[in-house]
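Me: I want to learn how to read a few features of a structure. Can we go through them one at a time?

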Amino acid sequence: MRHLTKDELVLFYYREKGGVDRRQAEEHLQSCDLCRRELADLAQSLEAIESLPIPERDEKYGGEVWTRIRPRLAEGFGRRWSFVPPLRSWALAGSVAVLLVVAFWGGRLWQQRQTPTAAAIPAPARERILMVAIGDHLERAQMLLVEVMNQEAEGPVGVSQKKQLAQDLVQSNRLYRQTALRDGEPGVANVLDELERVLLYISHSPNEISADELASLQHQIESQGILFKVRVVELQVQDKQKRAGSHMPGTPL
Amino acid sequence: MLTTRAIFRLAFRMTGNEHDAEDMVQETFLRAYRALHKFESRADFGTWLYRVAINCSLDHLRRARRREEQPYSEGLPPKEESESLSSIPSGGLTPERLLLSVELKKKLDGAMAELSDRERAAFVMRHIDGCSIEEIGKAVGLRGTAAKNTVFRAVQKLREALQPMVNS
C-alpha cells in the first residue's frame, strides 16, 4: 500500500468513516516507519490541545446562568410567543384546581378534612393563589430535575428522597396538565406531560437505581429539554404573578 | 450530556477566554428561549441546543473579527497576559507544567486565531466534542466534503503551529 496522506492520517486518527480502509491502513502502519511517525506526531499535537485545562464550573452553574438571564428573558414576554395562558383563562379552569391549590397551600394536600370552598375566596385572590401554587410546583420540579441532572454515578444510586418528592409532584402536575389541556393550552400541557413522564419514572423507581438507569433518565430530560422548558414556563408564570399583583380591580389582566 | 457546564466548555474552547465564554453561554440560552417555538419536539433538544451554541460562537467570532478590523480598536491595549494566566487553573500543576501550559495556551490561542470561524468551529466540534463530519456539516452549513476539508485544514494549521513546541 502507498503512504497515507496527511488527510488520511487525520481520518484514521479520528476513526472517521469514509476514509481509508482501516484494516489496510493498520497493516501499512505496522510496516511503515514514516507513516507511523507522522501519525504519532499528529496524535501528540492534538493530544496536547486536550491536555490544556479548562476553567471548571460547579453544579450550581446552570442555575446561576439562568438567574443572570432571567431579567432579559422577561423583557421579551409581551412581544414573543406565550407559553402560559392569560391569567383569567387559568382562573376559569374550575373549582377543582382551586380547591386543590388552596389545600396544597395549607400544606395538607390530601389529609385535610375541611377544605375551604372556592366560593369563599374572592376571584382575584383565587387567581393569584393558583399562579403562586403553579410557580411553586414548577420550582420544586426544577429542583428535582437539577438534582437528577447533576447526579454522577458509577454504581447504584440511592433515589429514595427524589422518589418521595416525585410522588408529591405527580399529583399536582397531573391536575395542572389537565387544566392546561382543558383551557386549550397545548404548549403548557406538553411541557407538563413531558415532566410528568419523568416524575412517574422516578416515583415508580426502586429506592436504588443503576448508573445506566440514571444515565437513561438524564438523557430523557436532556433530549427533550425538559428542564429548560420548565424554567421558561416557571418564569412566565412568575411574570404573570407579578402582573396580577399590580392588577387594579376593573382593568383587564 | 449537554449541560450548561458543557456549553461553557464548548464556549471556552471557541473563544479562548473565560469572560467571552460566559457571555456566549448566556447568549445561547437567550437565543434558545427566543427560538423555542421552532424546536420540533421530535428532535433531540441537546443536539438543537448544541447547534444554537455553535451558531452563537460563530457570530461571536465574526463580531470579534469585525471589532479587530475597525481602526478604533488599534489604540486599545492588547489583552493582558494575566487574563490568559487566570484562565488556567493552577490546582495540581507543578510550576514547570503550569509554565508549559501557559506557553502552550498562548501558542494555541495564536493558532486558533489564525483559523477561519468555520475551521475553528469544525475543529472544536470534531476534536473536543467528537462530532461526526456529517454533524459538523449540518451545524456550520457545509456539505460533507467541504466539512471534511475544513477539519483537515484546521488540524494541519494547528499541528504546524504546535508541533515545534510539542516535540521539544
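Me: Where does Phe123(B) sit?
Reply: This is a predicted model. Phe123(B) belongs to helix H6 of chain B, which covers residues 117–128.

Me: Is Phe123(B) buried or exposed?
Reply: Count C-beta atoms within 10 Å; 20 or more others make a residue buried. Phe123(B) has 24, so it is buried.

Me: Which residues is Phe123(B) in contact with?
Reply: Skip its neighbours within four places in sequence. The contacts are then Leu115(B), Val151(B), Ala154(B), Val155(B) and Leu158(B). Look along the chain too: Arg13(B) is 110 residues apart from Phe123(B), with 9.9 Å between their C-alpha atoms.

Me: How is chain B divided into domains?
Reply: Domain 1 runs over 1–77 and domain 2 over 94–168. In chain B, 10 residues of domain 1 are in contact with 11 residues of domain 2.

Me: Which element gives the most to the domain 1 side of chain B that touches domain 2?
Reply: H3(B), with six residues. Helices H1 (4–15) and H3 (45–69) of chain B are the elements giving two or more residues to that side. By type, the side has five nonpolar, two polar and three charged residues.

Me: What is the span of helix H8 of chain A?
Reply: Compare the end-to-end reach with the expected value. H8(A), residues 160–182, reaches 33 Å from first C-alpha to last, close to the 33 Å expected. Check for a bend as well: H8(A) bends by about 30° at Val170(A).

Me: Which residues of H8(A) are buried?
Reply: Among them are Leu169(A), Tyr176(A) and Arg177(A).

Me: What follows H8(A)?
Reply: Gly184(A), with a positive phi near 70°.

Methods:
Residues are numbered from 1 along each chain as its sequence is written. Chains are lettered from A and ligands numbered from 1 in the order in which they are written. This is a predicted model: local features need pLDDT of at least 70, side-chain atom pairs count only at pLDDT 80 or more; totals for chains, interfaces and linings use all residues. Helices (H or I, at least four residues) and strands (E, at least two) are DSSP runs, numbered from the N terminus. A residue is buried if 20 or more other C-beta atoms lie within 10 Å of its own, exposed if 12 or fewer, and partly exposed in between; C-beta atoms are placed from the backbone. Two residues are in contact if their C-beta atoms, placed from the backbone, lie within 7 Å. Domain bounds come from an automatic or database domain assignment. Ala, Val, Leu, Ile, Met, Phe, Trp, Tyr, Cys and Pro count as nonpolar, Asp, Glu, Lys and Arg as charged, and the others, Gly among them, as polar. The expected span of a helix is 1.5 Å times one less than its number of residues. The bend at a residue is the angle between axes fitted to the seven residues ending there and the seven starting there.
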